[in-house]
Amino acid sequence: MSKLEIKDLRVQVQTEDGPKEILKGVTLTIKDGETHAIMGPNGSGKSTLAYSIAGHPRYEVTGGTVLLDGEDVLSMTVDERARAGLFLAMQYPVEVPGVSVANFLRTAKTAIDGEAPKLRTWTKDVNAVMERMNLDATFSQRSVNEGFSGGEKKRHEIAQLDLLDPKVAVLDETDSGLDIDALKVVSDGVNRFRERDGKGVLLITHYTRILRYIKPDYVHVFVDGRVADEGGPELADELEANGYEKYLATA
Amino acid sequence: MTAAVLNDALEQGHVESHLHPEPTYDVDAHPVPSGREEIWRFTPLKRLRGLLDGAPSDSHLDIKEELPAGVTVTTISTEEAKALGVTPAFDRLGALAVANAGGAILVDVAAEADLDGPVRLLLSGASVDDVVWGHLVLRVGAHSRATILVEHTGSTTFDAFTTVLVGDGAQLDLVHVNDWADDAVHAEQINIRVGRDATLRQFEFTLGGDLVRTSTNVDYAGPGGSAELFGLYFADAGQHFEHRLFVDHNAPKTKSHVVYKGALQGAKAHTVWIGNVLIRKVAEGIETFEENRNLVLTDGCHADSVPNLEIETGEIAGAGHASAVGRFDDEQLFYLRSRGISEPEARRLVVHGFFNDLIRRVGVPELEEKLLATVEDELAKNVLKELV
């Protein structure tokens, strides 16, 4: 089972001109096995939602609740949230010089599972995932995100999604900056995750093209820190045809 | 050969600079420091335990040697050591070490030798009450290839002058590991002359001691020489680790690359890194880059980092430096923690990576393993104890 409930979430950041409210009461629920797409123009608060769920210290929650299977996510530390089953694929993954991908993945898996993975099957699993993500055999020996191309960074994020196997994945503009081949590889990776039992996905994107490869169950339109519209997959088609103008005009 | 004769031979004059005094073996020519001089201002002189007084002593460090074929170790007189023609002492401690050591140990790698294993000199001290003066000469013959490891352990009050002669076309990897007991005092001047088309890589690892102050001075016997100087230090509460580097580009088409990285933790941990580079008029087409990064792990530590570049010719291929003193990168910690890794474990990984990034440049697998193990020991002793 996996259910992510976001209720009336309000988030602010500190700016030079004092605190600024970015999320102005966001409510949405991802039930067992559902994929939700969040679409919206730049600056609408999409990434803020992603980072707030993951617990980034820059974002200050001023109201509302986030529950994962009934547990209060907002009271957990960043690493507790990950161990509870949340995963954030980042738009700009961070370089960690001198720490190999292999070391990083093993350390993360050990932390999530509470015990070290069995060496033989783990190596096999990692190699299989790397191959599926079209990352070559030497990739594991490179430093985390250091010198990676944009596509390699995103494929590495989805490789982690596959190996760490969370309950709910938040994908923050995973499609941005990808060429069509890399987009297909990344989408295949996300779809393999969705095929597993009861996995939730919150797919944040600026463009509709990834929705041709990853079919959402619901689409939410994000404008000015709120959900301005929601609907089925057909809403994405309408956005593709008409853009965000009609929401921006009324916002 | 005196400094003046040598400079005449190399057709280069003295460059006036407060950063690097005129070198000489004459102790009296190096005034007793007050602590305000540029080259002494960071050093807590009282903690040198009277080394600057220069009282004679018969104490020695225990020396264990591992010598592959092609290497000999002999004892030579002070005069013989001076006659080998390297740059004399830049400061009083260097001059005192030569004056008081009563001769030098000469490690000789035969010309064209390709050693099948590292030369190891394991030096250990028994007590901080023993004042030890050391004078060491490492001579690596032309076109030879060698790795020399000098490891320091135990307790002592030690002042050494080490000269390194890298023959023309030779490749030397020189590793200094300063893994002293907590009360040890260690001052050392390491003067290196890099031969024509020779390649020197020095690795300096300072992990223990109450006060460690090393000065590494590099110059070139001809064009085409390359010096890479890598350092790593890990200072705990109360420790003073000072690494001073001076690269004198006195020949054209020479290269230098300096990377020192340090971590500090605990009250009054203090590190100093000075990186001086002089590019003389004659040194056209040289390349130099120096970099120092410090990771401050707790409150109450202090890292000084001072790069200096003196350029007397514009005809160079490249020159630059970078210096940073910082705490943990919040974005790195967030990224690791967002994958379920606890905060202490995330910090340990970041420190491990910070050092591993440098250690992997050693390029000698057995050496990298040993150094990684040493750092892991240090992390276990410190970071993990503190955080877990």
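**Strand β9 and its sheet in chain A**

Analyst: This is a predicted model. Strand β6 (residues 86–89) of chain A pairs with β9(A) in the parallel sense, over 4 bridges.

User: What makes β6(A) and β9(A) count as paired strands?

Analyst: The cut-off is at least two bridges. β6(A) and β9(A) have 4 bridges, so they pair. Leu171(A) in β9(A) is the bridge partner of Ala89(A).

User: Which strand does β9(A) join over 5 bridges?

Analyst: Strand β10 (residues 200–205) of chain A, running parallel to β9(A). Here Val168(A) has Gly200(A) as its bridge partner.

User: What makes the unit of β9(A), helix α6 and β10(A) right-handed?

Analyst: With the strands pointing away from the viewer, a right-handed path from the first strand over the helix to the second runs clockwise. The β-α-β unit of β9(A), α6(A) (residues 180–195) and β10(A) is right-handed, so its path runs clockwise in that view.

User: What is the strand order of the open sheet?

Analyst: The 6 strands run β6-β9-β10-β3-β11-β12 in chain A, with mixed pairing.

User: Why is one side of β6 and of β12 left without a neighbour in the sheet?

Analyst: β6(A) and β12(A) (226–231) stand at the edges and each has a single partner strand, so one side of each has no neighbour there. Neighbouring strands are turned by 20 degrees against each other on average, direction ignored.

Key. Residues numbered from 1 in each chain as written. Chains lettered and ligands numbered in written order. Predicted model: local features only at pLDDT ≥ 70, side-chain atom pairs only at ≥ 80, totals over all residues. Heavy atoms only, no water. Helix = DSSP H or I, 4+ residues; strand = E, 2+ residues; numbered from the N terminus. Axes fitted to C-alpha atoms, helices over the stretch in contact; angles between N-to-C directions.
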